[in-house]
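Visitor: I'd like to go through some strands here. Can you walk me through the pairing?

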Amino acid sequence: PSTFMGSVLDTSSNSSLRDQVASQLSDLAAPNAPNWPFLLEAAKKTLDAKKSSFLRSAAQLVYVFISDADDYGSAKLGKTDSTYISQLKSYKSNAAYVSSRAFVYSNTSGCNAPANNGQNGAAGTHIKAVSAGINASGTSFICLNNAATMAASLDNVARDVTRPTTRFKLQAQPVAGSVAVKINGAYKTQGAADYPWTYSSSTNEIVFTGAPAPAGASLAIEYDMVVQLARQPKVDTMIVTLNGADVPQGANGWQYNSSTRLLTLGGGWAPHQGDVILVNYEVN
């Protein structure tokens, strides 16, 4: 509770502990804040401070909120639910990479909370609304007061919290027209009746435009990779190796485009994840 942390901040003579407590409090609201829950603000400030260290572009971002009281951000910080929905979605390039669950009390029928620390089991109205706005589905809210389902819900949250993935970021720039998608070992054309997809060159993603690949399916994305050289080379001096083997120049090996400084590898020399490509050349 922030009241306890504020007390430590006021009374501790340990400067390092005071600094640590002050830092934690700044993620919640402000030093010496009363014991108001600021879960949504804490999520925002945590992402602001830490996103560069743990947010990978192609990974899902999952929020799980657990509280027996509501969030005070709207009343004390003047932020609306829609503001938090927009902010918490914005840390990923597309909302399809973000999902959320809320384990909170509600004052709706069948989910009534008993009085708790004088707060009368405050309903998690704002937390529930923001979670549903991030990940609108019937499973985005679970009643904290229902002990019979709570244990199973927490046990399953790691498995069912993410929505079906419809977007996949490629790890490298592909050669135009070389992208292919396989589901359970079978190639799927872009206009396939089942699991149609398209390639977005602006974001370098495969996007499923209909039903996503089913849970547990094997998905493979194949493409010839593009490599851009840092300097303009003398082409006749270029030596390209793949995992230590010399790659021949030509359509069945490497080709270079001097106007874009792009090197492409095709044929049997198309690299796979973890392969090492080395390009040696004299600068033009």
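Guide: First, the ground rules. This is a predicted model, where local features need pLDDT of at least 70, side-chain atom pairs count only at pLDDT 80 or more, and totals for chains, interfaces and linings use all residues. Residues are numbered from 1 along each chain as its sequence is written, and side-chain values use heavy atoms, with hydrogens and water left out.

Visitor: Which way do the residues of strand β8 point?

Guide: In β8 (residues 205-208), E205 and V207 point one way, I206 and F208 the other way. All are buried, meaning under 20% relative accessible area with a 1.4 Å probe, protein chains only. Strands here are DSSP runs of E, at least two residues, numbered from the N terminus.

Visitor: How many bridges between β7 and β8?

Guide: Four, in the antiparallel sense; β7 covers residues 197-200. Two strands count as paired if DSSP finds at least two bridges between them. W197 has F208 as its bridge partner in β8.

Visitor: And what takes a positive phi in that hairpin?

Guide: N204, near 55°. The hairpin has four residues between the strands.

Visitor: How does β4 pair with β8?

Guide: Strand β4 (residues 167-169) pairs with β8 over three bridges, antiparallel. R167 is partnered with V207.

Visitor: New topic. What is the strand order in the open sheet of three?

Guide: β12-β11-β15, with antiparallel pairing. The edge strands, β12 (245-246) and β15 (277-280), each pair on one side only.

Visitor: How many bridges join β11 to β15?

Guide: Four, joining β11 (residues 239-242) to β15. Among the partners, L242 bridges to I277.

Key
Buried means under 20% relative accessible area, exposed over 50%, partly exposed in between (1.4 Å probe, protein chains only).
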